[in-house]
Amino acid sequence: MKTRKIALLMVTLLLAFSTVLAGCGGSNTNDTSGNAASGGESGDKDTVKLKVYLIGGPQRDLPMVQEEMNKYLMEKINTTVDITMIDWGDYSKRMPVITASGENYDIAFTSSWAYDYLPNATRGAFLPINDLLDKYGQGIKEQLDPRFLTGSQIDGQNYAVPVNKELASQWVWRFNKQYVDKYNMDITKIRTLEDLEPYLKQIKDNEPADITPLAVPKGFKPYLAFDFLLGDEFPVGINMNGDTGKYVNVLESEELKSSLKTIRKYYQAGYLRKDVATLEGIDNIKTGKWFVDREQTQPYAELGWSRSAGYDIVTTPMQDPVIFTGSATGAMHAISANSKNPERAMMFLNLLNTDPYLRNLINYGIEGTHYKKISDNVIEDLPAMKDGFQMPGFALGNLFLTYMHKEDPADKWEAFKEFNNSAKVAPSFGFNFNPDPVKTEVASISAIVKEFYPSIMTGAVDPDEHLPKAIEKLKAAGLDKVIAEAQKQYDEWKAANPK
């Protein structure tokens with residue numbers, strides 16, 4: 001789930017491309033006439049093979065599962081799939097190369113944080129799909145919360161099918177429950193970074209030195225109630241507690257300055273690891289040697305985290321749930337502009353989002369091999385799933401169709417819908433910023449952020465000394481120009497989309 005969080009690395013990389021090569025190359029499929037119908041009623045006699053790229057680690061048993069998928073897909077839409085999994089850290093590097101090569105693949109995972117949706121869509125890598133949705137994706141439109149399609153539109157066009165899952169975004173503090181119980185802590189009183197202080201001190205003073213009170217890596221940033229332009233690693237946003245019609249420099253906000261003083265105090269007190277500013281990741285969940293960290297949540301997320309950790313994890317919210325534009329683009333499937341089979345690709349996506357058998361097959365594998373059923377909609381994992389087929393469920397299609405585990409509450413998916421419906425909508429929901437007019441400035445700013453953020457945001461350096469240096473360097477790189485361009489586009493978008 002991966003809530004959720006947004007990757008500016010790919011904005012920087014993708015801005016280097018001014019165009020996407022659109023050559024069609026040689027087809028790896030049998031061509032169709034493009035007039036296929038859905039649901040196995042196709043008049044086409046040609047079998048289509050769809051080339052699909054998905055994010056996630058390679059899975060040993062994928063060929064076995066794919067064979068079962070293809071038997072089913074042949075019956076339904078006279079189609080087979082050839083799925084390639086590209087590992088998390090490599091996906092955003094390899095997909096731009098594949099796209100620029102002109103390969104006529106059919107479907108690829110995209111999002112606001114991996115193989116970034118907006119730059120690729122605006123540069124022509126993805127096919128506009130509004131007409132395809134109307135003709136071959138009616139099931140998607142019937143089942144998907146309409147705000148997903150609204151929030152992912154670019155100038156009125158959709159370029160990918162969002163995964164139906166949690167739409168709202170909410171950060172929580174996660175706690176290792178053994179310490180909450182040991183010290184009889186009332187974590188319901190904790191919401192802000194400042195609220196943590198007495199509890200962090202209690203752990204630091206009473207537990208062994210290898211227990212990290214605030215277990216975060218270098219990517220940590222204090223939570224701020226801002227609607228960010230390009231994710232929270234880019235210092236431009238709308239203050240949701242201030243003027244919601246204005247983009248500002250987040251680094252100059254009083255909210256950030258106050259939080260940086262707090263995190264600096266925590267760092268000096270030894271509540272964070274001393275190497276936090278260079279710490280790519282942290283293995284606290286695996287080791288259990290931690291008290292609190294932070295994560296984006298969804299209903300009943302604690303159960304999944306606890307199951308994975310092997311011990312109990314509990315949470316308390318930092319903020320109320322909010323629906324951002326990035327929330328709608330957190331996991332999507334795009335049809336390549338070079339696809340020879342866009343109609344059949346949409347049929348396949350429609351099945352992934354409406355057909356429980358296919359959706360659970362790609363998610364959990366083969367019944368009796370990778371899982372066993374306890375009841376119609378409840379399963380228990382078998383060893384083969386852990387050993388050979390652990391797919392990223394949130395990145396595969398309509399999550400509400402997937403089986404539950406026996407420890408999941410019966411109202412799990414209803415809770416997701418209530419979570420989405422209860423959320424506040426961010427001021428810029430549906431606005432997708434086009435960085436092309438300031439692509440040089442965006443790339444420079446992103447590089448400077450990578451230089452300054454880890455040490456400043458984790459408290460490893462004095463913010464009074466280093467924050468002004470960062471602001472000065474960012475302004476010299478054109479930060480004010482980016483803010484002005486964002487404001488111009490936002491004002492135009494608001495005028496065209498009155499609420």
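Reply: The structure holds 31 salt bridges, a salt bridge being a side-chain nitrogen of Lys or Arg within 4 Å of a carboxyl oxygen of Asp or Glu. This is a predicted model, in which local features need pLDDT of at least 70 and side-chain atom pairs count only at pLDDT 80 or more, while totals for chains, interfaces and linings use all residues. Residues are numbered from 1 along each chain as its sequence is written, and side-chain values use heavy atoms, with hydrogens and water left out.

One of the salt bridges joins Arg-147 and Asp-145, whose closest N and O atoms are 2.9 Å apart. To describe the surroundings of each partner, relative accessible area is used: buried means under 20%, exposed means over 50%, and partly exposed lies in between (1.4 Å probe, protein chains only). Arg-147 has a value of 21%, so this residue is partly exposed. Asp-145 has 15% and is therefore buried.

Another salt bridge links the side chains of Lys-257 and Glu-254, with an N to O distance of 3.9 Å. Both residues belong to helix 10 (residues 254-268), and they are three residues apart, about one turn of the helix. Helices here are DSSP runs of H or I with at least four residues, strands are runs of E with at least two, and both are numbered from the N terminus. Lys-257 is partly exposed because its relative accessibility is 33%. Glu-254, at 56%, counts as exposed.

Lys-412 and Asp-408 are both buried. This pair also belongs to a network of salt bridges that links Arg-307, Glu-407, Asp-408 and Lys-412.

For comparison, here is a side-chain pair of another kind. Ser-169 and Gln-296 are joined through their side chains by a polar contact of 2.7 Å. A polar contact is a pair of N or O atoms within 3.5 Å; within protein, one must be able to donate a hydrogen and the other to accept it, and residues adjacent in sequence count only if both atoms are side-chain atoms. Ser-169 sits in the loop between strand 4 (161-162) and strand 5 (171-176). Its relative accessibility is 10%, so Ser-169 counts as buried.
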